[in-house]
Amino acid sequence: MKIFLSGIQPSGALHLGNYFGAMQPAIELQSQGQAVYFIADYHALTSVSDPRLLRQYTFDVAAGFLACGLDPQKTILFRQSDVPQVHELAWLLSVVTPLGLLERAHSYKDKVAQGAEMNHGLFAYPVLMAADILLYHADAVPVGKDQKQHLEIARDIAHKFNDRYGTVFKIPEPLIRETTAIVPGIDGRKMSKSYHNTIELFAEPKALEKRIMGIPTDSTPVADPKPVDGSILAQLMQTIGTPAQSESFTARMRAGGCGYGDLKKELSAVTKEFLAPFQEKYRYYQAVPAEVEAILDDGAKRARAIALPVLHKARAATGLGHGN
Ligand code: ATP
Ligand code: MG
């Protein structure tokens, strides 16, 4: 049976980029193998410093994943920090990871370029991510395109370990959907929790509308055709709407005679309609925190059952312990 693995950081509220880039594909895979999905709270520590907020976001990501259709009977859903053994594996991997591999990571270089205060956790992030994946013998990893390079690094690290110590790890394949590879945020950059440019999955309808109405547009007069290529509105409609909704939307843009205000109202109506069933289930899970915690506890147990033998094998291969 194939193992699918994916993680989401509890670094802020879930958004449309998370949904279309990672959650929707991940949820679809849960009937095709063993899905193992975790809430990456160790990773989120690199950007969230308020303990109360980290705990709240962690719960909200779990509730959100369940609300969007994750089935806890089929899928192992757990908190990354409930399997702390991942750090032992991260150490075993870090000694086979060349420094240059980490120095070339785009997300690290971007953060340095933005003048972010760098900590060792941010630099070592790809090694922990490799451990997340390799600890569960994942065959495939559904992610957004922004994670492509991190996944290549994980594959490189697995090869390096296997070359040195004999084959211990499976080499994971990325699963990236080209159509929703990078969902744009309201400022046109990649939609990211940390860029504050998101359209949140569980925002109130009023707040959703305000967010969409605030998307910057050019000064094309109402009567004129609107450029479709590179338009954030068109890209979002293509991602969220049905093919028919998206076609009629771009046809209206091309025809002219329709202002950006009306187009945004249409996008906002489609978004609200799309999210309504998820929001209803989210309210349910928010009201039963003990049920969510029980799902995470059970997930952690099942996750450990897969992880511990893999870790044991990796330890033994390196010469740690007595070798049995
Ligand atoms: P942060 O800003 O803290 O890095 P994020 O919004 O990028 O948060 P992550 O937790 O890093 O979210 O990513 C979770 C999953 O969502 C990953 O698989 C990632 O590839 C995917 N993802 C995040 N943003 C987008 C996006 N704009 N389009 C497509 N996929 C995305
Ligand atoms: Mg990210």
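A crossing of two helices is left-handed if the near helix is turned anticlockwise from the far one by less than a right angle. The views below come from a predicted model.

**View 1. Helix 1 crosses helix 12.** The crossing of helix 1 (residues 16-28) and helix 12 (residues 260-287) is left-handed. Their axes lie 13 Å apart, and the packing angle is about 70 degrees. Because angles of 65 to 115 degrees count as roughly perpendicular, helix 1 is roughly perpendicular to helix 12. From helix 1, Leu16, Tyr19 and Phe20 meet Thr271, Phe274, Leu275 and Phe278 of helix 12. Sorted by class, this contact has 6 nonpolar residues, 1 polar residue and no charged residues.

**View 2. Helix 4 packs with helix 13.** Helix 4 (residues 86-94) and helix 13 (residues 289-318) pack at an angle of about 35 degrees, and 10 Å separates their axes. This crossing of helix 4 and helix 13 is left-handed. Glu88, Leu89 and Leu92 are the residues of helix 4 that meet Leu311, Ala314, Arg315 and Thr318 in helix 13. The contact of helix 4 with helix 13 has 4 nonpolar, 1 polar and 2 charged residues.

**View 3. The second largest pocket.** This pocket has a volume of about 350 Å³. Its lining is made of 17 residues, and Ser94, His120, Ala124, Val127 and Leu128 are the ones nearest its centre. Helix 2 (41-44), helix 4, helix 5 (99-103) and helix 7 (120-134) each give two or more residues to the lining. Helix 7 gives the most, with 7 residues. By class, the lining of the second largest pocket has 10 nonpolar residues, 7 polar residues and no charged residues.

Methods. Residues are numbered from 1 along each chain as its sequence is written. Chains are lettered from A and ligands numbered from 1 in the order in which they are written. This is a predicted model: local features need pLDDT of at least 70, side-chain atom pairs count only at pLDDT 80 or more; totals for chains, interfaces and linings use all residues. Side-chain values use heavy atoms; hydrogens and water are left out. Axes are lines fitted to C-alpha atoms, for helices over the stretch in contact, and angles run from 0 to 180 degrees between N-to-C directions. Helices (H or I, at least four residues) and strands (E, at least two) are DSSP runs, numbered from the N terminus. Contact means heavy atoms within 4.5 Å. Ala, Val, Leu, Ile, Met, Phe, Trp, Tyr, Cys and Pro count as nonpolar, Asp, Glu, Lys and Arg as charged, and the others, Gly among them, as polar. On a 1 Å grid over the protein atoms alone, a cavity is a set of points where a 1.4 Å probe fits but cannot get out, and a pocket is an open set with protein on both sides within 12 Å along at least five of seven lines; lining residues have an atom within 4 Å of a point. Grid points are joined across faces, edges and corners, and a volume is the space filled by probe spheres set on the points. Angles under 35 degrees count as roughly parallel, over 145 as roughly antiparallel, 65 to 115 as roughly perpendicular and the rest as oblique.
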